Amino acid sequence: MDLKKNKVANADGNLLERIEAVRKERQRQNLEKLLGELNEMIGLNQVKNEINSLVNLIEIARMRSEKGLPSMDMSYHMVFTGNPGTGKTTIARLVAGIYKELGVLSAGTLTETDRAGLVAGFVGQTALKVKDVCKKASGGVLFIDEAYSLTQSTSSSDFGLEAVDTLVKEMEDNRGNLVVIAAGYTNEMRRFISANTGLMSRFNKIIEFPDYSEEELIDILRLMAKRAGYQLTAEAVMVIKCYVEEMTPNEARDFGNARGIRNLFERMVTNQANRLMSQKGVRSVKALTFITRDDAMLAVKENIASHGWNLL
């Protein structure tokens, strides 16, 4: 009887070991996939280095813990600084997944919010609003865009500071299963962090997202077209290349980096569709695939008009 029980216990133990081995292998594969997506992104070399270094630090801390070695207390919250369209939301989504595979978070989801999602208009409601958002984000990353807007107003009727105070408390109370990433313009975000001592102690990792170069913007455009099943003619690429190279610094800032490129690409696709539908006859695969110089030129003119610029 005891022998039979031992066999059953051994069988159960072996099964649990196999299940755990499968789980770890799945985690490893998922982590490699996420890191692959990160490292394949165009540009952002310093950002990639920062994230990869963080992953290495977490992995080594886990190994040390497994071997009974002491490990330092880590803060996983981060600040992403830089102009719009530089990949901050995309990186935040990857970080959420990476944290899940590393065992930092249970769900690895990304919950996006901003000032409007955190601040209410009446006394007592802001704290409840922040708590609800944090509860929704539990198990994942809470991404706060333009977080600096929470501390910009000095009006006594503004509840942005109450939102910050509540957020700091929620970060502490849920430190085991909630990560906050605050994002916004570089200078504004540094002032935001310094506005509250609680923020300064929790956001000890600031990652700067640089603007994309002209070459990187063109590479992003080509990648967007490839993923969508389109092909840009050499003339179409040249039109966009000249456009982005001739922008002034202020125009480039308003353009919005990769966000501006996406808008341009969507305009080109729309222009191609309008051009093809105005033509008679059967549309070949080549016709349905190629985006021409005229499609690109019209997209540029439309984009200039939408910004009120006068480049052409």
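Here are a few friendly notes on helix packing, pockets and some individual residues in this predicted model.

1. Let me begin with helix 10, residues 234–245, and its contact with helix 9, residues 214–228. The axes of helix 9 and helix 10 lie 10 Å apart, and the two helices pack at an angle of about 145°. Their crossing is right-handed. On the helix 9 side the contact is made by Glu 214, Leu 217, Ile 218, Leu 221 and Arg 222, while helix 10 brings Val 237, Ile 240, Lys 241, Val 244 and Glu 245. By class, that contact holds six nonpolar and four charged residues, with no polar ones.

2. Helix 10 also meets helix 12, which spans residues 258–277. Here the axes come within 13 Å and cross at roughly 145°, and this crossing is right-handed. Ile 240, Tyr 243 and Val 244 of helix 10 touch the partner helix, which contributes Ile 261, Leu 264 and Met 268. The contact of helix 10 with helix 12 has six nonpolar residues, no polar and no charged ones. If you have the model open, do look at Ile 240 and Val 244: both belong to the contact with helix 12, and both are also listed in the contact with helix 9.

3. Staying with helix 12, I would pick out Asn 271, which lies in that helix. Is Asn 271 buried or exposed? Its relative accessible area is 7%, which is under the 20% cut-off, so Asn 271 counts as buried. Leaving aside residues up to four places away in sequence, Asn 271 touches Asp 295, Leu 298, Ala 299 and Glu 302.

4. Next, the largest pocket, which holds about 850 Å³ of space. Its lining is made of 30 residues, and Met 41, Gly 87, Thr 90, Tyr 212 and Ala 258 are the closest to the centre. Which helices supply at least two residues each to this lining? They are helix 1 (2–40), helix 3 (88–101), helix 9 and helix 12. By class, the lining of the largest pocket has 14 nonpolar, seven polar and nine charged residues.

5. The second largest pocket has a volume of about 410 Å³. It is lined by 20 residues, and those nearest its centre are Met 72, Asp 73, Met 74, Ser 75 and Tyr 76. Helix 2 (45–66), helix 6 (160–173) and helix 8 (197–202) each provide at least two lining residues. Helix 2 gives the most, with three residues. The lining of the second largest pocket divides into 10 nonpolar, five polar and five charged residues.

6. Leu 44 sits in the loop between helix 1 and helix 2, and its phi is near 55°, a positive value in a residue other than glycine. With a relative accessibility of 5%, under the 20% cut-off, Leu 44 counts as buried.

7. The other one is Asn 257, in the loop between helix 11 (249–255) and helix 12. The phi of Asn 257 is near 55°, again positive in a residue that is not glycine. Where does Asn 257 fall, buried or exposed? Its relative accessibility is 5%, so Asn 257 counts as buried.

Notes. Residues are numbered from 1 along each chain as its sequence is written. This is a predicted model: local features need pLDDT of at least 70, side-chain atom pairs count only at pLDDT 80 or more; totals for chains, interfaces and linings use all residues. Side-chain values use heavy atoms; hydrogens and water are left out. Axes are lines fitted to C-alpha atoms, for helices over the stretch in contact, and angles run from 0 to 180 degrees between N-to-C directions. Helices (H or I, at least four residues) and strands (E, at least two) are DSSP runs, numbered from the N terminus. A crossing is left-handed if the near helix is turned anticlockwise from the far one by less than a right angle, and right-handed if clockwise. Contact means heavy atoms within 4.5 Å. Ala, Val, Leu, Ile, Met, Phe, Trp, Tyr, Cys and Pro count as nonpolar, Asp, Glu, Lys and Arg as charged, and the others, Gly among them, as polar. Buried means under 20% relative accessible area, exposed over 50%, partly exposed in between (1.4 Å probe, protein chains only). On a 1 Å grid over the protein atoms alone, a cavity is a set of points where a 1.4 Å probe fits but cannot get out, and a pocket is an open set with protein on both sides within 12 Å along at least five of seven lines; lining residues have an atom within 4 Å of a point. Grid points are joined across faces, edges and corners, and a volume is the space filled by probe spheres set on the points.
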